[in-house]
Amino acid sequence: MALCFTSSYVVHGSSLSPSLDQSKAAQFGSFQPLEKPSLPSTAVSFSRRYSDVKPLNAEPKRNASIVPSAATIVAPAEAVEKVEVEGYEKLAKDLQNASPLEIMDKALEKFGNDIAIAFSGVEDVALIEYAHLTGRPFRVFSLDTGRLNPETYRFFDEVEKHYGIRIEYMFPDAVEVQALVRSKGLFSFYEDGHQECCRVRKVRPLRRALKGLRAWITGQRKDQSPGTRSEIPVVQVDPVFEGMDGGVGSLVKWNPVANVKGDDVWNFIRAMNVPVNSLHSKGYISIGCEPCTRPVLPGQHEREGRWWWEDAKAKECGLHKGNIKEESLNGNANGAVHANGTATHADLFSVHHVVNLSRPGIENLLKLENRKEAWLVVLYAPWCRFCQAMEGSYVELAEKLAGSGVKVGKFRADAEEKAFAQQELQLGSFPTILFFPKHSSRPVKYPSEKRDVDSLMTFVSALR
């Protein structure tokens, strides 16, 4: 994996902190020296981080698999506090009417070297410009799937030169890509959906990148995709991915342009004379991988050029899966409705390598003392957001354990099965993960809230 890290050092006289007019005109018009924002005293406190420079590999908590030993970047000396969901819900309300520049400044001020901008498209270069305008150091990373347009690679190079930065490129695992292509061909996504390819080429590299961070910044907007992004806040605890500390609530997601219209983003980019992808002049608006992106016609929504052969209500690659409504995640795209009018929730972990256990099936596992194979089983509820958040890592783990002598299963333990699961399967909260060893009738309960692939694999390897 080839990685380059970036840090920008833009000096604007003194330390800046935003207080801009909250009207649309101020968001994209003239830029004034920033003053300290006036937030209620109960708002989340922020630590000051500026330009103490030390080698990044001097930080003991940094994930070594993400950070090259030669990288040098601004690194804060003080520790960052554990993420609290309630605090960020209140902060999102406090910043609801703030300008993108103010939101960006707040994010960089709070997280320093432990936050990075996810860069790929037009909104993201606007984010880089906002970060540049704050005068604070900032980091930028991008996912190179290996299937981007040539124009996109040239765009990346132009952005690096324009801002004098180095983008942190993340690449998919070569063995995983090779296995996918050999077994299903180069264009299997046209036949069975894009999720599997995106999981290998985008989601897993992103997961590796985010494990080295405490927060990330995206260019999501509410008007990008009415089916999936209409309710995104300007800041939130990430509902899908884990950060450096691991576990639920360990990563914060900032969306500085969430409330900004697409036309206003373009007006800002033109006014600031920043680089843009040349594909935009050819009718492309939302740009992803070359086989899955095409120009849109006049009057079409920008996301209609992405995965155009699939349902428009679920057009996410997995990077922002938390945006998709539960009822839109099912295989038939729109979910179902009970007779009483309430929506059902799409099932989880529905892949070939995860066995769906019935009540008799899980009871048989409990009775067996000498099993031919060990079992790993998740007790889950489809409506549980923590179960939804671990779906990607559990599916990936099941793929890794295929043929290893460990079977991977799931048991839906809510509703009428909940009392049984609490009494017989040690269910305390969702999800609960159990390991059934070969030569023991009693399952071992996974004790940690860290549900990433590496942590789960360590648990299995220690008991198999």
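Lys90 comes out as partly exposed, with a relative accessibility of 29% (buried means under 20% relative accessible area, exposed over 50%, and partly exposed in between, using a 1.4 Å probe and protein chains only). Helices are DSSP runs of H or I with at least four residues, strands are runs of E with at least two, and the numbering starts from the N terminus.

A word on the ground rules: this is a predicted model, so local features need pLDDT of at least 70 and side-chain atom pairs count only at pLDDT 80 or more, while totals for chains, interfaces and linings use all residues. Residues are numbered from 1 along each chain as its sequence is written, and side-chain values use heavy atoms, with hydrogens and water left out.

Back to the charges. Side chains of opposite charge can pair when their charged atoms come close. Searching the whole structure turns up 22 salt bridges. One of the pairs is Arg166 with Glu160, where the closest N and O atoms are 3.6 Å apart. Here Arg166 is partly exposed at 46%, whereas Glu160 is buried at 9%.

Next, look at Arg214 and Asp245, whose closest N and O atoms lie 3.4 Å apart in a salt bridge. This pair ties together distant parts of the chain, 31 residues apart: Arg214 is in the loop between helix H8 (195-210) and strand S6 (215-217), and Asp245 is in the loop between strand S7 (235-237) and strand S8 (252-254). Both Arg214 and Asp245 are buried. There's also a salt-bridge network, which links Glu176, Arg199, Arg204, Arg207, Glu396 and Glu399.

Now for a strand. S10 (residues 374-380) is mostly covered, with 7 of its 7 residues buried. Ala374, Leu376, Val378 and Tyr380 point one way, Trp375, Val377 and Leu379 the other, and all are buried. Which strands pair with S10? Strand S11 (residues 406-412) does so in the parallel sense over 7 bridges, and strand S12 (residues 432-436) runs antiparallel to S10, joined by 5 bridges; pairing requires DSSP to find at least two bridges between the strands. Leu376 has a bridge partner in each: Val408 in S11 and Phe435 in S12.

Conventions: A salt bridge is a side-chain nitrogen of Lys or Arg within 4 Å of a carboxyl oxygen of Asp or Glu.
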